[in-house]
Amino acid sequence: MLSNGPELLRQLQVCIICNSFRFGHSDETAAIIDRCQCYNFDPTNEEVARYVAEWFWDQEVFDYAANHLQEIDKLTARMCVKAWERREKQDVNWMNEIPLLSGVDAIVQQVWNDKSLTTAVERVKEFQRIAKLNDLPDSRATFMRHQKELRERGMLSLCPPELKLTVKGRPPAIPMGVEAILSDIGLVDLEQEVFEPKSISRDLRLYVPPQT
């Protein structure tokens, strides 16, 4: 088997699903990526919103997200659920669960949306002016890199999409009052039944020898 190890490894097909991939040094990572098929799943805010509308239940939370697609920093379905949970608890700051662009990205978007700036040179100069006021990186390369990333994410559109969708889901059934108490009692009984040894008395916690 040891002699066949390298041959088996060469023939092995592997699928790796991860949020980020890194192996050893950068050159080693690049070598592995060069030998495989890579697929990057990075949906735009609009694509995420359309997906969420199919099963989500809180129209107010969804409308907030849909009305700020151009400003949200990488919308996720989890953000919407967390915002709903906070809104259910009467938390007036539930919108903080859906963070908007900040820092350099926010400045790049602001400059891009300024219709008085008609050339790339004018946009770079305005970006550098605002970035310096906020003690942020202000090089031309920084502007161009962030502009490219935001454009790829669909966040620099001059005509942002207007999503007027109605959510189709129903809120999850959450036990309240007496039902919640009974639910907790049921969970405790189930936990004791599954995890406590049969040979231990629940009341006295004394060892009971098995009968022969």
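Guide: Let us begin with one residue. Phenylalanine 21 is found in the loop between helix H1 (5–11) and helix H2 (26–34), where helices (H or I, at least four residues) and strands (E, at least two) are DSSP runs numbered from the N terminus. This is a predicted model, in which local features need pLDDT of at least 70 and side-chain atom pairs count only at pLDDT 80 or more, while totals for chains, interfaces and linings use all residues. Residues are numbered from 1 along each chain as its sequence is written, and side-chain values use heavy atoms, with hydrogens and water left out.

Visitor: Is phenylalanine 21 buried, partly exposed or exposed?

Guide: Buried means under 20% relative accessible area, exposed means over 50%, and partly exposed lies in between (1.4 Å probe, protein chains only). With a relative accessible area of 34%, phenylalanine 21 is partly exposed.

Visitor: Which residues make up the nonpolar surface patch of about 550 Å²?

Guide: A patch is made of residues with over 30% relative accessible area and no salt bridge; like charges are joined within 9 Å, and nonpolar side chains (Val, Leu, Ile, Met, Phe, Trp, Tyr) within 5 Å. Here Phe21 makes the patch together with Val14, Ile16, Phe23, Ile32 and Ile33. Its area, like the other accessible areas, comes from the Shrake-Rupley method with a 1.4 Å probe; for residues, only the protein chains shown count as cover. The protein chain as a whole exposes about 16,300 Å², and carbon and sulfur atoms supply 55% of this area.

Visitor: How many helices and strands does the protein chain have?

Guide: The protein chain has nine helices and zero strands. Of its 212 residues, 24% count as buried.

Visitor: Which residues have the most contacts inside the largest nonpolar core?

Guide: A nonpolar core is a set of buried Ala, Val, Leu, Ile, Met, Phe, Trp, Tyr and Cys residues joined through side-chain atoms within 4.5 Å. The largest one has 23 residues, and those with the most contacts inside it are Val52, Phe56, Val61, Phe62, Leu75 and Ile98. At least two residues of this core come from each of helix H3 (45–53), helix H4 (59–66) and helix H5 (77–88). A second, separate core has 15 residues, including Ile107, Val108, Ile130 and Met155.

Visitor: Which residues does valine 61 touch?

Guide: A contact means heavy atoms within 4.5 Å. Leaving aside residues up to four places away in sequence, valine 61 touches Phe56, Cys80, Ala83, Trp84, Arg87, Trp94 and Ile98. Among these, cysteine 80 counts as buried, at 1% relative accessibility.

Visitor: How many disulfides are found in the whole structure?

Guide: A disulfide is a pair of cysteine sulfur atoms within 2.5 Å, and the search finds zero. Cysteine 15 cannot form one because its sulfur is 9.5 Å from the closest cysteine sulfur, in cysteine 18, which is too far for a bond. Cysteine 15 counts as exposed, at 67% relative accessibility.

Visitor: How are backbone angles to be read?

Guide: Most residues other than glycine have a negative phi. Lysine 74 has a positive phi, near 60°, and is found in the loop between H4 and H5. Glutamine 90 also has a positive phi, of about 65°, although it is not a glycine; this residue is found in the loop between H5 and helix H6 (103–112). Glutamine 90 is exposed, with a relative accessible area of 68%, whereas lysine 74 is partly exposed at 45%.

Visitor: How many salt bridges are there in the whole structure?

Guide: Side chains of opposite charge can pair when their charged atoms come close. A salt bridge is a side-chain nitrogen of Lys or Arg within 4 Å of a carboxyl oxygen of Asp or Glu, and eight are found. One of them joins lysine 168 to glutamate 54 (3.3 Å, N to O). This pair links distant parts of the chain, 114 residues apart: lysine 168 lies in the loop between helix H8 (140–152) and helix H9 (177–195), and glutamate 54 in the loop between H3 and H4.

Visitor: Which residue forms a salt bridge with lysine 148?

Guide: Its partner is glutamate 152, with the closest N and O atoms 2.6 Å apart. Both residues lie in helix H8, four residues apart, about one turn of the helix. Elsewhere, salt bridges that share partners join Asp58, Glu60 and Arg87 into one network.
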